[in-house]
Amino acid sequence: MRLPILLAAACALAGCKSDPGPAPAGDPSGPAAASTGPSPSAPAGSAALPAAGPPIPPEEIARAVNPKGEPPYSGPTGTLRGVIRIKGDPPPATGLSFPTDKCPEAAAAYGKLFRVGQDRTLADAMVSVTEYEGFVPAKEEAARLEVKGCAFVERTLVATFGQRVEVVNKDKLESYLPYLDGAKFRAMLVAVPGGDAVKYYPHQPGHYMLRDQLPKPWLTADVFVLKYATHDVTGLDGAYEIRGIPVGKVHVDAFLPPTGGTVGQAFEIKEGDNKLDLTVEFDAAKLKKPGPATGSKPGGPAASKPAASGSKG
């Protein structure tokens, strides 16, 4: 019973949303309200794209991610690696159709409720480490997600509060109009082929959705903005790697957004390399709603801990 209870507690503490839906028709704050990027036909890299919303004030970030005002942790650390797998029923088909000529990657990414690799490895699962001693800041200024062939390379993106979210278009011809659903600023920014990254500044920790305003309803990705930096997302090989974890007792959790499936266990981080494999279970009969095509998510972020940050509260 620990994981569901802690998920709910962590979601409440993080201020995450149950599920950001599409903006109501005529909503003046919706994506069409402000066109601040170049037109879809603009030459690649012709102008630097503005950001959707201003950067978050440093003091606001500090209050959320480092409420004790601790200096960055400088003691011995460990790296945690492992593979996340899934057992149970195979992923059901979404029933979506894709233009294979223009969108070669879409069917593989969104044809099933979730992506599974060889040997039942699980893609797009968020892995988090919490309940350690000390403050671990984010190492990068941005959390980046690429789009190619009408599909996000990963269907889950995890950022630390204070990092900006960037979307980079790797296609040669196709343009995209991504927006961060649930964010305060929802300007229309065009991700042109080979152009600059579209930038977003999530205004608070929580659960958001990346969507596209062009006619690609399947093109979505879950975005989780957490109050700690010890997290990763698995690829098709199910592998994850989290560096710079303070040594000592921690809790490790894996979370699959389309199903709400979670698994976790206590673990002791030792200096150097550590390894932990986990397996998420999936029972199709318990699935209440279809997955990423509708943006319906049965759970919150996998910050399975009672504290509001990665360190012990």
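# Hairpin, disulfide and cores in a predicted model

Tutor: Start with the hairpin: S14 and S15 form it, with four residues between them. Gly260 in the turn has a positive phi of about 80°. Helices (H or I, at least four residues) and strands (E, at least two) are DSSP runs, numbered from the N terminus.

Student: What kind of model is this, and how are residues numbered?

Tutor: This is a predicted model: local features need pLDDT of at least 70, side-chain atom pairs count only at pLDDT 80 or more, and totals for chains, interfaces and linings use all residues. Residues are numbered from 1 along each chain as its sequence is written, and side-chain values use heavy atoms, with hydrogens and water left out.

Student: Is Gln265 buried, partly exposed or exposed?

Tutor: Partly exposed, with a relative accessible area of 32%. The cut-offs: buried is under 20% relative accessible area, exposed is over 50%, partly exposed is in between (1.4 Å probe, protein chains only). Gln265 is in strand S15.

Student: What does Gln265 touch?

Tutor: Beyond its neighbours within four places in sequence, Gln265 contacts Val250, His251, Val252, Leu276 and Leu278. Contact means heavy atoms within 4.5 Å.

Student: Zoom out. How many helices and strands does the protein have?

Tutor: Three helices and 17 strands. There are 313 residues, and 52% count as buried. Of the contacts with a separation of 6 or more, 75% come from residues 24 or more positions apart.

Student: How many disulfides turn up?

Tutor: One, in a search of the whole structure. Cys103 is joined to Cys150, S to S 2.1 Å. The criterion is a pair of cysteine sulfur atoms within 2.5 Å.

Student: Where do the two cysteines sit?

Tutor: In distant parts of the chain, 47 residues apart. Cys103 is in the loop between strand S2 (77-88) and helix H3 (106-110). Cys150 is in the loop between strand S4 (142-148) and strand S5 (151-152).

Student: Is the link left-handed or right-handed?

Tutor: Left-handed, with -55° about the S-S bond. Both Cys103 and Cys150 are buried.

Student: New topic. How many residues are in the largest nonpolar core?

Tutor: It has 36. Tyr110, Phe152, Tyr200, Leu210, Trp218 and Val223 have the most contacts inside it. A second, separate core of 32 residues includes Leu113, Val127, Val129 and Ile269. A nonpolar core is a set of buried Ala, Val, Leu, Ile, Met, Phe, Trp, Tyr and Cys residues joined through side-chain atoms within 4.5 Å.

Student: Why does Thr230 count as buried?

Tutor: Because its relative accessibility is 0%. Thr230 is in the loop between strand S11 (221-226) and strand S12 (231-233).

Student: Which polar partners does its side chain have?

Tutor: A polar atom of the Thr230 side chain lies 2.6 Å from the backbone oxygen of Val129.

Student: Arg115 next. Buried or exposed?

Tutor: Arg115 counts as buried, at 13% relative accessibility. Arg115 lies in the loop between H3 and S3. Its side chain makes a polar contact with the Asp124 side chain at 2.8 Å. The Arg115 side chain also reaches the backbone oxygen of Val153 at 3.3 Å.

Student: Last one: which residues of S17 are on the covered face?

Tutor: Leu278, Val280 and Phe282. Thr279 and Glu281 are on the uncovered face. In a regular strand the side chains alternate between the two faces of the sheet. S2 and S17 run parallel, joined by five bridges. Ile86 stands opposite Val280 in S17.

Conventions. A polar contact is a pair of N or O atoms within 3.5 Å; within protein, one must be able to donate a hydrogen and the other to accept it, and residues adjacent in sequence count only if both atoms are side-chain atoms. Two strands pair if DSSP finds at least two bridges between them.
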